[in-house]
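Here are some short notes on side-chain contacts. Please read them with the structure open.

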Amino acid sequence: MATSFEKYQKRRLITSYFSVVISIALVLFLVGLLALLVLNTKKVADHFKEQIALTIYLKDTAKEVEIDQLQKSLALSEYTKSIEFVSKEEAAKAYSEEIGEDFMEFLGYNPLQNSIDVYFNADYVSETKIAEISRDLGEKEFVDEIIYDKPLIALLNDNIKRLSFWILAVSGLLTFIAVLLINSSIRLSVYAKRFTIKTMQMVGATKRFIRRPFILKSVKLGIIGSSISLIGMAVVLYYLDKSFPELKLISDEVLLAGIFAGVLVLGILISWLSTYFATQRFLNLKTDELYY
C-alpha cells in the first residue's frame, strides 16, 4: 500500500515538474519572439521605407555629361541608398513586356524618357525631407519631372508609428501574463509539497534550509524550460532569416546574444522569486490552514 502511494506521489511530482518546464518553455518562447519583434521593428520598417523610389525624368536634350554628373552627385549624397539609371529604350522594352505588345510600332516613335530611380536611406523617407530633395533636384534645367508616391510615404510612416505602439503594448501585457503563468505553475508544484514543508518546519528546520532545495529545483526547471524556449527561438529565427534574408535578422550577433541571455535570466529569475514567495507563504501558514 505504501509502495503504491509512493509511486503515485512520485508520478504526481514528475507531472508537476513537467508542467512547470512546459509552461516556462512556452511562455519564454513567446516572450523571446516578441522581444525579437520589438527590437527588429525598426529594421523591418527601414526595409520597407527603402523600397520607395523617387523617379527623375530627364529631358531629351540632357547631355550625357550632365546625366553622369547627376548620377555621381546622387550616389555621393547622404540620403541615397542606391540609384538606377533607366534609359528610354529599357523603359520601352519593359513597358512593352508589361502590356504584351510593342506600342512603338503603333506610335512610330518612343515617347518615354530617360530616368533615374533614387532609393533613399530610411531616415530620409519622410514627406518633408523628400519634398525638399525633390525641390532641389527639380531646379536643374535638364530635369523634366520628378515623381514619387506622396500618399504611400505618409501612410507608411503613420502605420509604422501605430504598429510600433501596439507591439510595445502587447509585449508588455504578454510579459506580465507570462510572469503570472510561470508563477502559478511553480506555486502549484510547491503546493503539492506543503505538508512536507510544514513537517520540516515542525521538527526545527530553519526557513532558509527548507527553501533551499525548492529554489534549487525550480531554478533547474527554469534553466531547462529556458533552454527549450531558446532552441525554439533559434529554429524560428533560422527559418525567418532563410525566408527573408534581406532583413538580416541574425546579422547583429550582440543583439541576439543579449536577447537569448535575457530570456535565460528571466526564466531563472521568475522561477527563483516564485518559489521563494510560494514556500514563504506555506511556511507562514498554520497547520490547520494547509487544508484550505
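1. Start with Glu50 and Lys81. They form a salt bridge, with the closest N and O atoms 3.9 Å apart. Glu50 sits in the loop between helix 1 (2–49) and strand 1 (53–58), and Lys81 sits in strand 2 (residues 80–86), so this pair ties together parts that are 31 residues apart in sequence. Bear in mind that this is a predicted model.

2. Lys81 has a relative accessible area of 48%. The cut-off for exposed is over 50%, so Lys81 is classed as partly exposed.

3. The search of the whole structure gives two salt bridges. Besides the Glu50 pair, Lys88 bridges to Asp60, and here the closest N and O atoms are 3.6 Å apart. Lys88 belongs to helix 3 (residues 88–99), while Asp60 lies in the loop between strand 1 and helix 2 (64–76); the pair therefore ties together parts that are 28 residues apart in sequence.

4. Check the surroundings of both partners in that second pair. Lys88 is buried, at 18% relative accessible area. Asp60 is exposed, at 58%.

5. Look next at Ser77, in the loop between helix 2 and strand 2. Its side chain reaches the backbone oxygen of Ser73 at 2.8 Å. Is Ser77 buried or exposed? Ser77 counts as buried, with 17% relative accessibility.

Key:
Residues numbered from 1 in each chain as written. Predicted model: local features only at pLDDT ≥ 70, side-chain atom pairs only at ≥ 80, totals over all residues. Heavy atoms only, no water. Salt bridge = Lys/Arg side-chain N within 4 Å of Asp/Glu carboxyl O. Helix = DSSP H or I, 4+ residues; strand = E, 2+ residues; numbered from the N terminus. Buried < 20%, exposed > 50% of the residue type's maximum accessible area, 1.4 Å probe, protein only. Polar contact = N/O pair within 3.5 Å; in protein donor to acceptor, adjacent residues only side chain to side chain.
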